[in-house]
2 protein chains.
Amino acid sequence: MSRTTASIITIGDELLIGQTIDTNSAWMAQELNALGIWVHRRVAIGDVREDILDTLAKEAGYSDIVLITGGLGPTADDITKPTLCEYFDTKLVQHEPTLQWVLHIFESRGLPILQRNVDQAMVPEACTVIRNEKGTAPGMWFEKEGKVYVSMPGVPYEMKYIMQSYVLPQLALHYKTPAVLHHTLITSGMGESFVAERLTAFEAKLPPHIKLAYLPSFSLLKLRLTAFGEDKLTTAAELSLYFHEMMALLPDITVTDRDIPIAEVLGQLLKEKGKTVGTAESCTGGLIASWITDIPGSSAYFKGSVVTYSNDMKMKLLGVKPATLQAHGAVSEETVKEMLGGALALLETDYAVAVSGIMGPDGGTEEKPVGTVWIAAGSRDKMVTVRFHLRYDRERNTQMAAVYAINELRKLILQ
Amino acid sequence: MSRTTASIITIGDELLIGQTIDTNSAWMAQELNALGIWVHRRVAIGDVREDILDTLAKEAGYSDIVLITGGLGPTADDITKPTLCEYFDTKLVQHEPTLQWVLHIFESRGLPILQRNVDQAMVPEACTVIRNEKGTAPGMWFEKEGKVYVSMPGVPYEMKYIMQSYVLPQLALHYKTPAVLHHTLITSGMGESFVAERLTAFEAKLPPHIKLAYLPSFSLLKLRLTAFGEDKLTTAAELSLYFHEMMALLPDITVTDRDIPIAEVLGQLLKEKGKTVGTAESCTGGLIASWITDIPGSSAYFKGSVVTYSNDMKMKLLGVKPATLQAHGAVSEETVKEMLGGALALLETDYAVAVSGIMGPDGGTEEKPVGTVWIAAGSRDKMVTVRFHLRYDRERNTQMAAVYAINELRKLILQ
């Protein structure tokens, strides 16, 4: 079985100096995998002619398909397109449909057209131009010595449009691809090495074309099985068999058998049971509510949320007692209990979570150091409270607390 | 002037199949830049012996420094460390201090120690072992033919610890590095090509060692000047001169002269003026509150927030009139005005923002298609309302709406 392989090249200094985080490559890899195309190299380089020429040649040596993003905007250094011309031994010509499209965009927005916008319609003569309905820089498809190259803008929604409308369908036609399938189990409550210990015998008998990977993700652990095979249906059946065998070994720690956010796991559970949820957040500042509402359709079970950052708001909105705050402080079991009760009453939901903690970098004391978080999760009938000591930076502490809070509520609902 | 250059290699299939987004490289690049080390290539490869050997050799050909993350956890395939031994012509030996550290961790947590944890203390004999106080896999520093290689775990906070405690200080000692400095201006309200048009003369006279880059970021535009020079102080002075000249050309659209989140710009403004803020969020689901509280010290000006996803909650918490919802719907100028008024009263703040919209994928109508968002921002005395039509997916629409809302409030406060 020979795999169809791809390299992704991103062009632009913003990725090299750390100003931008590359989210394009992850999306592209997922879509390519779904077609059975294996991305085995990703390379980020700057807007430098020699680096672009050298990297194009090297990656074409490694892979069947070379996908390039970036370096094409109206203010890009005039490097990428001329360099592509040099590499493919061609010259820039004006592409009439692209010019009309660019003129149309500017006209419809009532904006004057600039030379640099007109220049977006200049493309290498040797390429097939791919229409970009989301912007002014078109995509470009090249073929050379049996390899396919596609150059696209780096703006995520423009790249996605070009991939979905043209590149992915064309690649599916171009290549008879074997299957590359993934199935991920999410677990909670057991460390990576202990899970691995329990799966030793299972792992040992996996055939060479099925791989198991462990991916810690905040307080959760993802176990991913990847299968390669000639035929998609057969491979899927085989993967499913092994996946269910693995799952049967971990019933006590399984969260979900799909690679979805924990907020979506909670959402599905609430939808199944016809129950609603709300949140009362102090240190997580609305992140839990934001994660819950990230899920399309969450209005079916999410009604609202209060972020009570100050003690005043904890008392006013959630009815936390002044005496409680006085005696135990805002970061205490007593306070999150009252916040939870207040949220259930105010938001009129079946379930709620309440979180109060110290995320850092400042605000810690000897008794309650940075990273101390109290969580309450429950309903009118049943409640659980937990304290965590988080050891990371502000951002990660906040995300960890949000994962813990959602997971505690998930476990309580399942009890 | 010869630049000290680095390549970053990440090992692990999770980056290649798109399951994980690489945030490590951006952080590493920023820290290296601060030392004057230029990251000119980033390469992601899988856990494959041949790929690792080949990529190590190739990147050492390109760069002075090769930083490697990933492939070292307790459940990693036994590939990275043996492959490093092969490349550096050495063998695995037990490192006593690491073994003691691993034993200590498991003992202090009351967990049994497993063979795979003990194995974390096996390291290539040729390396300098770097203590990892955040985990069990140590860092490893190698030198070969004048090049430096460092291998680190891929878990972000472990990698950061190893970089900060050892790698960055050692690299600073190792290399006499020229300066690489960045300064970013954030603008709003004018398209990339029009800003570029205004800066044509400015850009034309920039010396070759100072580069200008345009980075659209949601509805904002970042203009980044990068300067390279032998001497840090001289280079900084020169960069500052050009930066202020650029800024003077764009007074009407300048948001801030630092590369910080828009929520931090708002926060600084509120702190300067001694004013407070709250949010009333429907479609953004708490994201604005979450961004505001991401900023350390935000408790000085942020008191609280309500997420009113249902109409019931809009009426109950914010006092939106049933007649308003009936006549105009939840996504309307009238509703966000009442939400704003309700938020100012409930949260007792000087300023607030209110947002209501349809983020997709479902919920649109002919009159109010997906992407319709109403924003109100203001105080008791002064209010602005704006409607936007966002054209992206749910996630990006939500983030765009949050940026717009914060920016509208920022502009109103400055008026």
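A residue is called buried here when its relative accessible area is under 20%, and exposed when that area is over 50%. With these terms in hand, the reader may turn to the structure above, which is a predicted model.

At the start of the helix, a side-chain oxygen of Asp231(A) comes within 3.3 Å of the backbone nitrogen of Leu233(A).

Strand 15 of chain A, residues 351-357, presents another arrangement. Seven of its seven residues are buried, so strand 15 of chain A is largely enclosed by the rest of the structure. In a regular strand the side chains alternate between the two faces of the sheet. Here Tyr351(A), Val353(A), Val355(A) and Gly357(A) point one way, while Ala352(A), Ala354(A) and Ser356(A) point the other way. Strand 15 of chain A pairs in the parallel sense with strand 13 (residues 277-281) of chain A, over five bridges; Glu281(A) stands opposite Val355(A). With strand 16 (residues 372-378) of chain A, strand 15 runs antiparallel, and six bridges join the two. In that pairing Val353(A) stands opposite Ala377(A).

In chain B, helix 11 spans residues 262-273. Its 12 residues reach 17 Å from the first C-alpha to the last, close to the 16 Å expected. Ile262(B), Ala263(B), Val265(B), Leu266(B), Gly267(B), Leu269(B) and Leu270(B) are its buried residues. Among the elements that cover them are strand 13 (277-281), strand 15 (351-357) and helix 16 (394-414) of chain B. Just after helix 11 of chain B, Gly274(B) takes a positive phi of about 65°.

A loop of chain B also holds a buried residue. Asn132(B) is found between strand 6 (128-130) and strand 7 (139-144) of chain B. With a relative accessible area of 2%, Asn132(B) falls under the 20% limit and is therefore buried. Its side chain makes a polar contact of 2.9 Å with the side chain of Glu158(B). Beyond its neighbours within four places in sequence, Asn132(B) is in contact with residues including Trp101(B), Pro153(B) and Tyr161(B).

The aromatic rings complete this account. Over all chains there are 22 aromatic pairs. Tyr87(B) and Phe88(B) form one that is edge-to-face, with 5.0 Å centre to centre and 85° between the planes. Phe88(B) also pairs edge-to-face with Tyr149(B), at 4.9 Å centre to centre and 85° between the planes. Phe88(B) lies in helix 4 (residues 80-88) and Tyr149(B) in strand 8 (residues 147-152) of chain B, so this pair ties together parts that are 61 residues apart in sequence. Both Phe88(B) and Tyr149(B) are buried. In chain A, ring pairs link Tyr87(A), Phe88(A), Phe142(A) and Tyr149(A) into a cluster.

Conventions:
Residues are numbered from 1 along each chain as its sequence is written. Chains are lettered from A and ligands numbered from 1 in the order in which they are written. This is a predicted model: local features need pLDDT of at least 70, side-chain atom pairs count only at pLDDT 80 or more; totals for chains, interfaces and linings use all residues. Side-chain values use heavy atoms; hydrogens and water are left out. Buried means under 20% relative accessible area, exposed over 50%, partly exposed in between (1.4 Å probe, protein chains only). Helices (H or I, at least four residues) and strands (E, at least two) are DSSP runs, numbered from the N terminus. Two strands pair if DSSP finds at least two bridges between them. A polar contact is a pair of N or O atoms within 3.5 Å; within protein, one must be able to donate a hydrogen and the other to accept it, and residues adjacent in sequence count only if both atoms are side-chain atoms. Contact means heavy atoms within 4.5 Å. The expected span of a helix is 1.5 Å times one less than its number of residues. Rings of Phe, Tyr and Trp (its six-membered ring) pair if their centres lie within 6.5 Å; planes under 30 degrees apart count as stacked, over 60 as edge-to-face and the rest as tilted.
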